[in-house]
Amino acid sequence: MSSLTLVRRRPGFRALRVSRPWLFYICAGFAAVIVLVAVLAPWLAPADPNASDLSAALTGPSCAHLLGADGSGRDTLSRLILGSRTALLGPAAVVVFSTTLGVAVGVAAGWRGGWLDSLLSRSSELMLAFPGLLLAILFVSLYGTGLVAPIAALSLAYTPYVSRLARGLTLAEKQRPYLAAYRVQGFSNWAICVRHLIPNIGPVILAQSTVNFGYALIDLAALSYLGLGVPPLTPDWGAMVNDGQSAMLQGQPLSAIAPCLAIVVTVVAFNVVGEHWADRVANREDARS
Amino acid sequence: MNTAQRSQTPQKSQTLHIRGLRVSLPGTARPVLDGVDLEVGAGQTVALVGESGSGKTLTSRAALGMLPAGATASGVVEVDGQDVLTMDARALRRLRTTTAAMIFQDPRAGINPVRRVGDFLTEALRTNGAADKRTARKRALALLDAVGLPERVLRQYPHELSGGMLQRVMIAASLMADPVLLLADEPTTALDVTTQAEIIALLRDLQSRFGTALLFVTHDLELAAVIADRVAVMYAGRIVETGPAEQVFADPKHPYTAALLAATPRLDAPAGRLAVIPGRVPDLRTEIAGCAFAGRCAHAVDACGQERPETAAVPDRSQATVACWRSSTLTLQGGASRG
Amino acid sequence: MAEPVLEVSGLRKVFGSQVAVDDVSFTVAAGGSLGVVGESGSGKTTTARIIVGLDHADAGTVRIDGRDRDHAGRKARGADAGRGPSVARSARSGRRAERLARARQVQMVFQDPFLSLDPRLPIGTALTEVLRLHHPDGDHPARVTELLDQVGLGTREATALPRGLSGGQRQRVAIAKALAVEPSVLVLDEAVAALDVSVQAQILNLLADLRAELGIAYVFITHDLGVVRCVTDEVVVMRRGAIVERGATDMVLADPSHSYTRLLLESVPGPGWDPQLITAARRALAEAEAELTPR
């Protein structure tokens, strides 16, 4: 069995599992560009994303507004560029929290076994049965809009995917005698897990987390679209799609299509990178055993 | 080469005939197989002996046209008179399902764990249209009986069987299409020593009943000596010595064969330190000018490292060859007389 | 006979309905070498894992240097279960000392050299790590060089990753790692089974030299009677969890008293090897046992 099969994918994305390296390089390059744009956003944006230029409202591309402006006359390109910050920061936070928590839970369950494993695995399954978006909506309704509630909810919702993977990998890795050798040599469980087990299963987890990044981006965009994510006025791709709906009806679809495209392309890019890593890790595992 | 000896059996062509087989892999300094000659006659057992990296597994796989990706091969590989290296995919498939079969070291790796043994046995025959379901089942039953397993095994799953039983199933499966050549790659290495004896007894019995030629690949020189008619010893991609099993074992002509025998911890040898072969097998990144074994050989002279020894017939021994510059002047200790 | 360094008595382990180890007792003299021979399912590996503390026996004791091992282990396990922030620091350091003391009693070398080293760590780092744990005040680089030299490796191998080494070299590293702890007993679980014949001979000779040099005692778990003959003074033969024969290695191999030992000996390929006969003997043994077992 290769570790590749353990990485969870949403059905539609399976087709992206390609061996074509050029696609990987294009996607990796694109992901890097997006990250760079997000970091440099305030300097790159041609206009204030919240400045209303009502004379330009609902116009197509022009010299002043390269991608046109939305119904309130705000520059689409600038909003797109600044929106990349929330678009990346939100999923990044979700991935960091869910990975940390998932690895801790999964490794603890797999390594210790027994009642702890039963407890953690059952609660993970319970979490899996509950849709992440629903949990996020619940959190938002309890704690109000803003980025914190959806990120907390999605972090929790994504934890079981990581913890299940980490548990499976831990169980498999535990069979390898080098870990038994460390136990015989008197190393503590903590030292073995942190210094040897986690670094060895890390690459597979990282691949899953990269794939999760894309999913979290979609989920957060969906929440923003529903008006449950970022506070109003903050440029955000999901919210832009929502704002752009009215523009679409009036024959200027660009302010809605541009953020849609940005979401899709970013998600695809991160997925391809994640899949490629997963494949590479799997190949290395095969070569090792 | 050894045509004089080969012409002793001119009326019958060899079941497996390998001549000058050379296989190169990309990114290596020397060929993995460097001019391998091997013959297995009908109903004969030939043991191919060597350590890991010697190319013994690759040689047996080449007989089925199974070469690693990117490998280039030259030379002649004929199974039952058909040239394997020039076969297209369809002919190869037919070769593997009907003419030749392979038994692997780990029986569990070669069987689908979620299919019943019966499906596994009859699958190849049914899918290539060689037999209908009834005939295939009848043949499976007959072969299960031949390998000493009860009928109920047909309905069992692989995990319900022990390693020894599963290896019997694999042997039965390999005989389903009545092949002329059986390739066994360390078929008993994963098994207990008492089970090994049973599997060998079974292979011998079946071989004499069906007249199958058997190429037995193993690292165990002792085992090779007791089961095979002829032995071929491989080192670093070349066959260094061939000959009748008992003679090679009792009176080896190549220093490597002798060193291998001396390094094996045996029951009939005195206790104490083992004779060690210093160093290790040269890896594929190093080019070899002379004899591949020269660097580890206790009898090597300067010439050994410079020019490659030709394969020559061993005097007074039928169908025996050795590739060593010094073999005619050396007296080497064999397996039985070590003391 | 010298004072026993390892005393195993009345060991029993049950997995579900399967008795894996059934009343196993033996002793190993200081600097001695005991072979534990058996086929798969004989319980020899479980016995080894109990001795080093990877498994816990249902009954019986393991004493090394006169200290009861399993008892100490159980105490540590009891404390482990209650692990949490409330556990006092002193208890933790006490457990650590106990763990290290147990590690210094016995070490183990595993069968598969390809899986018994952390694939990410260079050899030198892996050795230093063990030294830092067990001998924090020593001169680590010098000791690493000494250990590598003892097992026949040079400093060039210290910087290599496991994947850059051959099977035999990796097994040498595994032995060096075990020796770094300076144990009284070394358990070798099929430690040469995965190696090529020429490499196997090198490792067996190395092990014989190390025993002579360091006075360390071996428990050699193996299925290979030739290996047993080569490196052990005494031998126990295990079958279905129980010891069926024991004695000095030369005596047992020359004149076996139990029919199973005879079967094992006859099964080793060599002159006069007859698979039909072995098969018949094996069936007879199984039938005789079936009659003895009450239904």
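1. Asp205(B) and Arg209(B) stand 4 residues apart in helix α7 of chain B, which means that about one helical turn separates them. Helices here are DSSP runs of H or I with at least four residues, strands are runs of E with at least two, and both are numbered from the N terminus. The two side chains form a salt bridge, with the closest N and O atoms 3.5 Å apart; the term requires a side-chain nitrogen of Lys or Arg within 4 Å of a carboxyl oxygen of Asp or Glu. Asp205(B) is partly exposed at 30% relative accessibility, and Arg209(B) is exposed at 52%. Buried means under 20% relative accessible area, exposed over 50%, and partly exposed in between (1.4 Å probe, protein chains only).

2. On the basis of the values: this is a predicted model, in which local features need pLDDT of at least 70 and side-chain atom pairs count only at pLDDT 80 or more, while totals for chains, interfaces and linings use all residues. Residues are numbered from 1 along each chain as its sequence is written, chains are lettered from A and ligands numbered from 1 in the order in which they are written, and side-chain values use heavy atoms, with hydrogens and water left out.

3. Over all chains the salt bridge count comes to 27. One of them joins Glu198(B) and Arg168(B) at 2.6 Å, N to O. Glu198(B) lies in helix α7 (residues 193-210) of chain B and Arg168(B) in helix α6 (residues 163-175) of chain B, so this pair ties together parts 30 residues apart in sequence. Glu198(B) is buried at 9% relative accessible area, and Arg168(B) is buried at 8%.

4. Arg317(B) and Glu241(B) form a salt bridge with their closest N and O atoms 4.0 Å apart. Arg317(B) is in the loop between β11 (312-313) and β12 (321-322) of chain B and Glu241(B) is in strand β10 (residues 238-244) of chain B, so the pair connects parts 76 residues apart in sequence. Both Arg317(B) and Glu241(B) are buried.

5. The contact between chain C and chain A (heavy atoms within 4.5 Å) takes 25 residues from chain C and 19 residues from chain A. The rule finds 1 salt bridge across this interface: Glu129(C) pairs with Arg195(A), the closest N and O atoms being 3.4 Å apart. On the side of chain C that touches chain A, α3 (89-105), β6 (106-109), α4 (123-134) and α6 (167-180) of chain C each supply at least two residues. The largest share, 4 residues, comes from α4(C).
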